Each structure stands twice: as C-alpha cells, then as structure tokens.
Amino acid sequence: MEKIIEEKNQGTPLKLEKDNKNTRNLYIESYGCQMNFSDSEIVASILAQEGFNTTNSLEEADLVLVNTCSIREKAELTVRKRLEKFNAVKKTRPHMKVGVLGCMAERLKSQLLEEEKIVDMVVGPDAYKDLPNLIREVDEGRNAVNVILSKDETYGDVAPVRLNSNGVTAFVSITRGCDNMCTFCVVPFTRGRERSRDPHSIVNEVNELWVKGFKEVTLLGQNVDSYLWYGGGLKKDFSSASSIQKATAVNFANLLELVAEAQPKMRIRFSTSNPQDLTLDVIETMARFKNICNYIHLPVQSGSDRILKAMNRLHTREEYFDLINNISNILPDCAISQDMITGFPTETEEDHQDTLSLMEYVKYDFGFMFAYSERPGTLAARKLVDDIPEEVKKRRLSDIIDLQLKHSFFRTKQHLGKVEEVLIEGTSKKSELQWMGRNSQNTVVVFPKENYSIGEFVMVRVENCTSATLLGKAVGYSENN
C-alpha cells in the first residue's frame with residue numbers, strides 16, 4: 001500500500017523500437033506500483049539480449065509475461081482474468097509461453113504452476129537475471145520457477161530500456177526490498193529484505209539518461225529514506241560493518257546530493273518516503289538544491305495512534321505532525337501527498353475521526369486512498385479479523401476522498417497568480433492545442449502550446465485551476481533550458 005498505483009497505466013503493454021537481429025516477440029504487461037513498471041524495463045533489457053523484441057500485439061507474441069502486484073486483491077483478480085485470456089490465445093499459438101513475474105509470482109508459485117497449471121514459468125522479483133535459463137527450460141517443455149529472494153541483487157549492472165517513455169521523465173531504482181513489517185503489507189515477503197544499490201551506478205544511470213535527453217528522474221524504492229550503501233549487503237547487517245565501511249557509508253541525503261550535483265539542470269524526485277525514516281538532513285538537502293523538487297509522498301495510513309500501532313507503523317500521530325512542521329519550516333512551498341487505509345481491523349468511528357482531523361491539520365495536496373483489503377500471508381491476515389463491514393469501509397472511504405478533494409482544491413488555489421517552472425511532458429489529454437507538464441510540487445499544469453516543445457522547461461503564469469490541475473499561459477523559457 002506504500003507505493004503509488006497509477007490506475008491509467010495498469011496492464012499497459014510495453015513496446016520499444018524493433019531490433020532486426022531479434023527473431024522472437026515478447027509481450028509484457030505490468031500491474032501495481034512504479035517499482036513493477038521499472039522492473040519490466042529491466043526484464044525487457046535482459047531479454048533484448050536474448051533475441052526478443054517487444055510487441056503490443058498479444059497475437060504476435062512468442063513469450064507473454066505479466067508483472068504482478070499483491071498489494072490489492074483487485075490487482076490479483078485482474079491478473080487472473082488476463083491469464084485466462086492468454087491461455088485462450090495459446091490455443092491458436094501453442095508454442096507461446098506464459099510467465100508470471102513479480103510479487104504475485106512469489107506468493108502464488110505453487111498454485112499457478114502445479115494446482116491450476118495456467119502458466120509455464122514463475123519468476124520472483126530477484127530472479128530476472130535467470131530469465132534466459134528459465135526460458136530455455138520452458139522451450140524444452142518443462143515448467144520453470146525461480147522465486148528465491150536475494151540478499152544482494154539490485155540490478156545495478158543492468159541498464160534498463162525505457163519502455164513507452166515520453167523521453168522526458170524516467171525512474172531510477174535505488175533500493176529493493178523492505179524491512180518495515182507493516183502488518184497490512186506483503187512487500188517484505190515478496191521482495192525480501194532491504195538492500196541498497198551502489199551510488200556510483202545510480203549516478204552513472206542518471207548521467208546516461210541526461211545524455212539521452214531525459215530532463216527528470218524519480219529515485220525509486222519501497223522506502224527511499226532508508227537507503228544506505230556501505231559496500232553492499234543488507235541494511236540490517238550495517239551494525240556489523242567495519243569502521244571504515246561505516247565512516248564512508250552513503251545515506252539517502254548523501255545520495256540526493258550526489259545526484260543533484262551530477263546534473264544541476266535535471267529535475268530530481270523521489271518516492272516513496274516513510275515517516276519513521278525521513279530525516280531532517282534529507283529535507284535540508286532538498287532546500288539546498290533548486291533541482292530537487294519540492295514534493296514528498298509521505299504515507300501516513302491512519303490518523304489514529306491505536307490503529308498505527310496495530311499496523312506496526314513505527315510513528316505516532318504527534319511524531320508525524322512534528323515531521324510535517326519541520327518540512328513546512330524548512331521547505332515552505334513543499335507539496336505533500338498521502339496514502340490512507342480506511343477500515344483496518346478494529347477501526348472505530350473515533351479512529352476514523354482521528355484520520356479526518358489529521359487530514360485537516362496537514363491539508364494534503366493529493367492522496368491515494370483505499371479501503372482495507374486483507375492480503376494472504378500478511379501479519380494482519382494471520383492475527384486480525386477483518387471485522388469492518390464493507391458498507392462502513394465504503395462510507396469512511398467516501399468521507400476521506402471528499403475531504404481530500406476539498407484540500408486538493410485549497411492547495412491548487414494557492415498557485416493562482418504565480419509564475420512557476422513547468423517541464424513539458426506531452427500533449428494535454430483534453431486538447432491537442434495544449435501542453436501538459438508538472439511543476440516542482442508535482443501538480444499537473446496545462447497551457448497553450450504556442451512554439452514550445454516537449455522536454456523544455458517553461459515559466460507558466462497560473463490563471464485558473466481545478467482540484468487537480470493548474471491552467472495558465474507560458475510567459476517564457478526557464479533558465480534551465
């Protein structure tokens with residue numbers, strides 16, 4: 001639940017330029033968070049070296065892969081329906097192989113391969129480098145599986161292709177796994193323990209993206225603030241590191257500084273933060289560098305201390321308020337977004353009101369809000385009864401969404417009359433005559449195209465707004481061009 005789920009991107013088949021040397025076609029769909037979409041780029045890069053071009057036509061595919069998510073039940077149900085579709089196509093293309101990647105693969109390996117027999121291959125999130133071997137196995141008529149979780153795999157040596165990219169923005173993974181055992185979350189079980197990627201490989205990837213014309217990167221991890229590089233290995237083993245390793249360790253604030261200094265004209269974002277790990281040095285680093293965007297996705301999940309404890313969130317309501325106050329003091333223009341779960345087991349009306357009052361205090365710019373969905377394998381599923389009726393969950397979720405819409409409109413109105421830098425990402429969905437981009441606070445800005453182009457930084461005067469979008473007119477180029 002920590003990661004942002006972009007609904008419009010769910011199940012999008014990924015396609016890149018054809019290499020005439022390759023003779024087989026890969027069809028790959030991704031579901032879930034940005035980490036899964038980033039992983040699909042890694043997979044496509046690995047398989048491009050094995051003779052596969054990507055295709056967005058299922059009927060042309062020799063290999064079909066679906067990169068899955070276990071965070072919400074809806075995602076699993078969607079994937080199961082897609083697997084049924086894939087198997088229907090297999091009847092006309094019997095040589096076609098179907099594989100399941102990612103979190104759902106790790107969790108349901110036996111069910112998918114042996115009981116239901118609906119796939120040929122199951123590959124966990126740490127086993128993508130083994131894909132060439134696994135494909136050879138299925139080519140020879142055997143099922144193949146590798147869901148072993150690694151202590152050191154970060155894919156830092158794989159240069160991911162940029163699939164369906166706008167050529168302007170890109171994701172760069174900096175950590176894998178998670179050590180925060182939130183009771184509602186499957187990620188520690190499906191992606192393993194937390195380990196960080198070598199900072200030099202991260203900076204090199206950012207530099208390469210700049211050379212290719214990208215203007216913005218988002219540093220990506222289950223919990224970016226927990227980034228810690230001391231030569232490799234799990235974060236939990238840092239206490240056993242040598243004195244030299246500890247003295248030369250790179251934390252997230254250090255990494256932000258390295259990336260910002262490497263490309264001063266490239267915008268830097270990051271996601272996702274965890275309140276217990278977001279430290280003042282990160283906020284201070286953001287304030288020192290103009291190219292680090294003034295936006296933090298800061299999931300809180302609940303406004304009730306009692307529910308936070310039941311979720312094993314290692315922050316209290318008051319500690320969260322202190323963090324919000326520090327951000328406001330150091331970065332007055334910083335936008336903050338949330339993840340919120342309503343209807344967690346035992347949640348009372350008083351707990352629900354605590355959540356609403358927390359939202360009133362923060363007034364988030366936007367948010368990602370969900371009714372609690374019990375996920376098999378989590379501590380909550382094993383220890384707690386899902387005892388909140390669906391109609392109560394829906395009503396409370398409606399309360400939260402309505403309040404967030406009110407706050408989003410309050411926040412967008414604060415931009416009226418200001419001239420803000422916008423990075424043009426593409427044409428507006430509503431008009432071919434307008435560009436769409438985002439400001440530093442991650443708010444969408446729409447304005448007439450005139451003579452400006454995709455990938456340019458433009459100064460836009462904000463003249464109107466909705467609860468989600470700023471409307472304005474360009475007044476010139478930014479000094480960033």
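I began with isoleucine 388, which, leaving aside its neighbours within four places in sequence, is in contact (heavy atoms within 4.5 Å) with Gly343, Phe344, Pro345, Thr346, Glu347, Lys393 and Arg396. I noted that this is a predicted model, in which local features need pLDDT of at least 70 and side-chain atom pairs count only at pLDDT 80 or more, while totals for chains, interfaces and linings use all residues. Residues are numbered from 1 along each chain as its sequence is written, and side-chain values use heavy atoms, with hydrogens and water left out.

I then looked up where isoleucine 388 sits, and found it in the loop between α14 (379-383) and α15 (390-413), where helices are DSSP runs (H or I, at least four residues) and strands likewise (E, at least two), numbered from the N terminus. Isoleucine 388 is buried, with a relative accessible area of 9%; buried means under 20%, exposed over 50%, and partly exposed in between, with a 1.4 Å probe and protein chains only. The C-alpha atoms of isoleucine 388 and tyrosine 372, 16 residues apart along the chain, are separated by 9.0 Å.

Next I turned to glutamate 347, in the loop between β15 (335-342) and α13 (349-362), which is buried as well, at a relative accessible area of 4%. Its side chain makes a polar contact of 2.9 Å with the side chain of arginine 396 and another of 3.4 Å with that of threonine 342; a polar contact is a pair of N or O atoms within 3.5 Å, where within protein one must be able to donate a hydrogen and the other to accept it, and residues adjacent in sequence count only if both atoms are side-chain atoms.
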